[in-house]
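Here are my notes on this model, as numbered points. Please read them with the structure open.

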Amino acid sequence: MENNRKLLNLIGLATKAGKTVSGEFSTEKAVKTGKAWLVIVSAEASENTKKQFANMCAYYKVPIYFFGGKEELGHAMGKEFRASLAVLDEGLSKAMVKQLNLNGGSEYESE
């Protein structure tokens, strides 16, 4: 649980710094314009959403992780529900990946 809190705090920090975008449209735009260093999709997102982001991130070579509930991610960003977000800062995204790896967030492997 400790790692989860650290990760959610990092998401909050990045959001306050203006280094995240969230929601399907903005996340997709960040990936396609090369601004995203990391994509986090809620573990509660639909299979369709997960697959869509996984394929897009694989194509654009952006790390993607499935982590947390929509409410959890939204709350960390000071919003209600968020199924997806992109991190626009290299340093912050590296710190988040470290936390994700520690707490067993799953990096998507396409089948």
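1. Start with the term. A salt bridge here is a side-chain nitrogen of Lys or Arg within 4 Å of a carboxyl oxygen of Asp or Glu. Glu90 and Lys94 form one, at 3.0 Å from N to O. Keep in mind that this is a predicted model.

2. Where do Glu90 and Lys94 lie? Both are in helix α5, which spans residues 90–102. They are 4 residues apart, about one turn of the helix. Glu90 is partly exposed, with a relative accessible area of 33%. Lys94 is exposed, at 53%.

3. How many salt bridges does the structure hold? The count is 3. Side chains of opposite charge can pair when their charged atoms come close. The remaining pairs follow.

4. Lys32 pairs with Glu28. Their closest N and O atoms are 2.9 Å apart. Helix α2 (residues 24–32) holds both, 4 residues apart, so about one helical turn separates Lys32 from Glu28. Lys32 counts as partly exposed, at 43% relative accessibility. Glu28 is also partly exposed, and its relative accessible area is 23%.

5. Glu47 and Lys50 make a salt bridge at 3.7 Å, N to O. The cut-off for this contact is 4 Å. Helix α3 covers residues 47–60, and the two residues are 3 apart in it, so the separation is about one helical turn. Lys50 is buried, with 15%. The limit for buried is under 20%.

6. Now the helix packing. Helix α1 (residues 2–16) packs with α5 at an angle of about 160°, and their axes are 9 Å apart. Angles over 145 degrees count as roughly antiparallel. The pair α1 and α5 is therefore roughly antiparallel. The crossing of α1 past α5 is left-handed.

7. Which residues meet between α1 and α5? From α1 come Asn3, Lys6, Leu7, Leu10, Ile11, Leu13 and Ala14. From α5 come Leu92, Ala95, Met96, Gln99, Leu100 and Leu102.

8. Last, the annotation. UniProt lists residues 6–96 as "domain: Ribosomal protein eL8/eL30/eS12/Gadd45", in an unreviewed entry. The end C-alpha atoms of residues 6–96 lie 8 Å apart.

Note on methods. Residues numbered from 1 in each chain as written. Predicted model: local features only at pLDDT ≥ 70, side-chain atom pairs only at ≥ 80, totals over all residues. Heavy atoms only, no water. UniProt positions renumbered as here; feature names shortened; annotations may be inferred. Buried < 20%, exposed > 50% of the residue type's maximum accessible area, 1.4 Å probe, protein only. Axes fitted to C-alpha atoms, helices over the stretch in contact; angles between N-to-C directions. Parallel < 35°, antiparallel > 145°, perpendicular 65-115°, else oblique. Left-handed = near helix turned anticlockwise from the far one by under 90°. Contact = heavy atoms within 4.5 Å.
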